[in-house]
Amino acid sequence: MNENEKRLMDFNEDVINKLYDTAIAIRNENHDNPNNKTLFSSVDQGMATVEAAMHIAYILTELKDKVLVVNLDSSSTENIESYIHSKAKPNLFTTLSTSMFLSEAINQSKYEKLDIIHVEDMTENDLMEKFSQYNVLSKLSPLKSYYHHIFLIGPEFQSMENYGAILELADSAVTVISSKKNDRHELNHYLQKINLFNVKSFGILRKAD
């Protein structure tokens, strides 16, 4: 039994079933819409967001699909690396400063069909400036030629003033919440924002507290 299988056993059966169902829903959507990019995000559950994204990515690799994870939350890099052990240095914008091709920033993980790109640590203002300067959306789209799925891991919604810049990159979204306590106002605000940007929702995953 590998490390990710052991971690899956830490979830209760209902959560495991929901993760699997979400993985299949994403797989079916990407079959019908090959350009789909899926954002994993939350209002204030950054660690749980990483857990959900990485487990769903693992499920899809077990189904022989290739997955690219683009981590847009520098505070989650260490947590993501605890799953994939790529030892990749954050290099998204470092790469785009010298190349037109985001593919050159891709790093392999310890899983054959799972690759990663990490964003560098920077302020929100700097991040917004880089998104605009390098037109990240146009650089992401060609990568679908190499992968069945592109997952974007977004920062916590409450941590960013201009979350629209993140949502502009996505076609669909998985939202992660706590199973016990959530700020309903902030959650509704975020879900309305998803709708405003015409991002298809794959529903809500409740963190197993």
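In which helix is the place of lysine 139? I found lysine 139 in helix 7 (residues 136-140); helices here are DSSP runs of H or I with at least four residues, and strands are runs of E with at least two, both numbered from the N terminus.

I noted that this is a predicted model, in which local features need pLDDT of at least 70, side-chain atom pairs count only at pLDDT 80 or more, and totals for chains, interfaces and linings use all residues. Residues are numbered from 1 along each chain as its sequence is written, and side-chain values use heavy atoms, with hydrogens and water left out.

**Entry 1: lysine 139.** I looked up its surroundings. Lysine 139 is buried yet has no salt bridge. Buried means under 20% relative accessible area, exposed over 50%, and partly exposed in between (1.4 Å probe, protein chains only). A salt bridge is a side-chain nitrogen of Lys or Arg within 4 Å of a carboxyl oxygen of Asp or Glu. The side chain of lysine 139 reaches the backbone oxygen of tyrosine 134 at 2.9 Å.

**Entry 2: salt bridges.** I searched the whole structure and found three salt bridges. One of them joins arginine 27 and aspartate 65 (2.8 Å, N to O). This pair links distant parts of the chain, 38 residues apart. Arginine 27 counts as partly exposed because its relative accessibility is 31%, whereas aspartate 65, at 6%, is buried.

I also looked up lysine 200, which forms a salt bridge with glutamate 29, the closest N and O atoms being 2.7 Å apart. Lysine 200 lies in strand 7 (residues 200-207) and glutamate 29 in helix 2, 171 residues apart.

Notes
Lys, Arg positive; Asp, Glu negative; His and termini not counted. Polar contact = N/O pair within 3.5 Å; in protein donor to acceptor, adjacent residues only side chain to side chain.
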